[in-house]
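This report looks at one residue and its setting, and then at the sheet beside it. Please keep the sequence and the model in view while reading.

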Amino acid sequence: MIYDLNIAWSPSTTPEIFCQTLSLAYSLGFSTVAINHTLELPIPSNPTSPFPSNLASSPARKLPTLLRRATLPLDDPAASNYRLQSLVNAYDILAIRPLTEKAFQNACLTLDIPIISLDLTTHFPFHFRPKPCMAAVSRGVRFEICYAQLLAADNRGRANFISNATSIIRATRGRGILISSEAKTALSLRGPADVVNLLNVWGLANEKGLDGLRCIPRSVVVNEGMKRNGFRGVINIIQVASRGDYHTNELSSGDSERIVGTDTVRSGNKVRSQKRKKGEEDGQPMSKRQAKKLRVAARSVGLDEKLDA
């Protein structure tokens, strides 16, 4: 499964254009996408999802699975109006877009968010140092690279994008890189192979590029779902078995392992069955050396004839 956790959406986006973008994403191989809405400050006390219910209603087209995402610009980490916990119930995925160095360090070291999304076409007044970046990766935070920013930028913005993307890949050693599109129209989407080859030019290996489209976004989706659906480590209770059913299942599984004419040998989690040879006893098979010693001992006591018979 291939993910794209950033398809840009705004209230001015028409349903027809948005359905075209989702349909093209599905045809390119993206099975799950996240509709991204960039928030504006201040955030209300009880935020609600602005996405309409019939946003992607197109019975004639095949569309991917949709998730709701919010990206919050972070300027002053000491501000008290960000209300991250109140956004959890309204969106499936949360992301932070730091604008200053203090906000970037706070997002790497302190904030409990899964994604750090950056506008790589801008010039940042600070460097991406390895220490805070690796600390964020060890905490499970992912750095998002959106390739559609490069397509929509001017010459200066493209130079900034290449420089910033190379710096992030170098600071993180290619770990924890999440690849998204941030496409506003269908023309900004690219195939997974094209994106991996493009980032390989800037220092991201092909294996890590594929992980940025598959494993890493899947881990983000699963972890965020566990946070919203679980309670104190319990995710879901499917069925509780009674004590009598447990003993019945245990006896039936034990009876099925008794195979007539075979010796069951357990090795870790595998069960191997070896057929017995004719004439062998229930014990372990006798080696040739042991059989020779037995014959010599039998001759010494005059039991050779009985043994041969």
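Leu28 is found in helix H1 (residues 15-28), where helices (H or I, at least four residues) and strands (E, at least two) are DSSP runs numbered from the N terminus. This is a predicted model, in which local features need pLDDT of at least 70 and side-chain atom pairs count only at pLDDT 80 or more, while totals for chains, interfaces and linings use all residues. Residues are numbered from 1 along each chain as its sequence is written, and side-chain values use heavy atoms, with hydrogens and water left out.

With a relative accessible area of 31%, Leu28 is partly exposed, a class lying between buried (under 20%) and exposed (over 50%), for a 1.4 Å probe and protein chains only. Leaving aside neighbours within four places in sequence, Leu28 is in contact (heavy atoms within 4.5 Å) with Leu189, Arg190, Gly191 and Pro192. The C-alpha atoms of Leu28 and Ala193 are separated by 9.9 Å, although these residues are 165 apart along the chain.

## The sheet

Seven strands, paired in parallel, form an open sheet in the order S1-S2-S3-S4-S5-S6-S7; two strands pair if DSSP finds at least two bridges between them. Strand S1 (2-8) and strand S7 (177-180) are the edge strands, each pairing on one side only. From one strand to the next the twist averages 35°, with axes as lines fitted to C-alpha atoms, for helices over the stretch in contact, and angles from 0 to 180 degrees between N-to-C directions.

Strand S3 (residues 65-74) pairs with strand S4 (residues 93-98) in the parallel sense over six bridges, and Ile93 in S4 is the bridge partner of Arg69.

## Helix against sheet

H1 lies across S1, strand S2 (30-38) and S3, and runs at about 145° to S2.
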